[in-house]
Amino acid sequence: MNKQPFGQGSPKAFRAYPRDSDLESGNLRKTRKPKSLLFDPIKMLKSMGNRLHYYSKLHPLLVFLISLSFAVIILIVLSMYTSSFQMTNAQRKFDENSGSYPYANLHNLVMVAGHSVYTSKSCGKVDGEDSWFLESYQKQPGQAATFLMHIKEGIGIAAKDERALLLFSGGETRKDAGPRSEAQSYWSVAETKGWFGKQDVKWRSLTEEHARDSFENLLFSVCRFRELTGVYPHNITVVSYDFKEERFAHLHRLAIGFPEARFFYLGTPASSSSKEAAMKGEAAVRAQFHEDPYGCVGSLYRKKLARDPFHRSIPYPNGCPELKGLFSYCGAAPYPGTLPWTLQ
């Protein structure tokens, strides 16, 4: 018997039958081709389509709701992208046409809300009630002194912040006072009395002369700031009466969607003789702004029309094209569009 070791030198094994043959039938089996590992998007889409068709028959309502949800999400994303693109494009076009801005180095807004028009021919008695045009509810001792306090407080805040722009806000709101604005009245009193102090503060103190109510005091001043600096304010400080803080710092701030952490309020007290009536009147106005945050319908709108006796054309939002949607919005809910400060 021949004994061959099964090692390296042993002969190769002999295969009597092919590996893929079938002995019983005598046929050769076809060798299976390995599955392709390459990504096939067409097959994947067909598979997903078949599954969706299958599930739509089992649960048609569920599939409809899921499809609707996806469609809504896509529309929201596209809307946000389009709004952002339009805002950027509008800003670019406006900047190209405006050239350099005279106050491009300023970043914070200090706004003093006007409450009356100065009618005296001289500024000798600025603290006298007879030097100002007062409505019946304003004819109280010490009322004029509250206006002067607002002017001084606004100047004081601006003097402490070299990057602040001070705006006195208020339009030509009283027919019998003539075509003189509240804003120009405040600025003129400050300039005549020498309250600006340093020339630098005077240079940074200007006017917004179209606002007809407190909401427009804020919104128009923000637009005016953009018009003068080329940017929107990083911080906003409002100077007015202490009993109006809720209206400005909550209702109006929310209406323009400005961040709470960057909004500041300095309120001064009303005259002692008018405090009770002022608080009562403020509660009524605040309730109206709760119902109509943008003052575009009802009694608030009619009041604005009455405070425009000379039919002055509102120039805004020409100076702040990114706020075009906000200026035209009217609703009880907050403005749903994108705003410049939400992108900062």
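This is a predicted model: local features need pLDDT of at least 70, side-chain atom pairs count only at pLDDT 80 or more; totals for chains, interfaces and linings use all residues.
Residues are numbered from 1 along each chain as its sequence is written, and side-chain values use heavy atoms, with hydrogens and water left out.

Eleven salt bridges are present in the structure, a salt bridge being a side-chain nitrogen of Lys or Arg within 4 Å of a carboxyl oxygen of Asp or Glu. One of them pairs Glu191 with Lys202, with 3.3 Å between the closest N and O atoms. This pair links distant parts of the chain, since Glu191 belongs to helix H4 (residues 182-193) and Lys202, eleven residues apart from it, to helix H5 (residues 199-203); helices (H or I, at least four residues) are DSSP runs, numbered from the N terminus. Glu191 is partly exposed at a relative accessible area of 32%, and Lys202 is likewise partly exposed, at 25%, where buried means under 20% relative accessible area, exposed over 50%, and partly exposed in between (1.4 Å probe, protein chains only).

Arg224 is buried, with a relative accessible area of 19%, while Glu227 is partly exposed, with 29%. In the salt bridge between Glu282 and Arg247, the closest N and O atoms are 2.4 Å apart. This pair again links distant parts of the chain, with Glu282 in helix H8 (residues 275-291) and Arg247 in helix H7 (residues 245-256), 35 residues apart. Glu282 is buried, with a relative accessible area of 3%, and Arg247 is buried as well, with 7%.

The largest pocket holds about 680 Å³ of space. On a 1 Å grid over the protein atoms alone, a pocket is an open set of points with protein on both sides within 12 Å along at least five of seven lines, a cavity is a set of points where a 1.4 Å probe fits but cannot get out, and lining residues have an atom within 4 Å of a point. Of the 32 residues lining the largest pocket, His115, Tyr137, Lys244, Arg247 and Arg307 are the closest to its centre. Helices H6, H7, H8 and H9 (298-306) each supply at least two lining residues, and the largest share, six residues, comes from H8.

Glu216 is situated in helix H6 and is buried, at 4% relative accessibility. The side chains of Glu216 and Arg212 make a polar contact at 2.7 Å, a polar contact being a pair of N or O atoms within 3.5 Å, of which, within protein, one must be able to donate a hydrogen and the other to accept it, and residues adjacent in sequence count only if both atoms are side-chain atoms. Residues up to four places away in sequence not being counted, Glu216 touches His210, Ala211, Ser221 and Lys304, with contact meaning heavy atoms within 4.5 Å.

Two cavities of 30 Å³ or more are found in the structure. The largest cavity holds about 60 Å³ of space, and its lining includes His210, Ala211, Arg212 and Arg307. The second largest cavity, with about 30 Å³ of space, is lined by Asp242, Phe243, Pro269, Ala270, Lys275 and Met279.

Key: Grid points are joined across faces, edges and corners, and a volume is the space filled by probe spheres set on the points.
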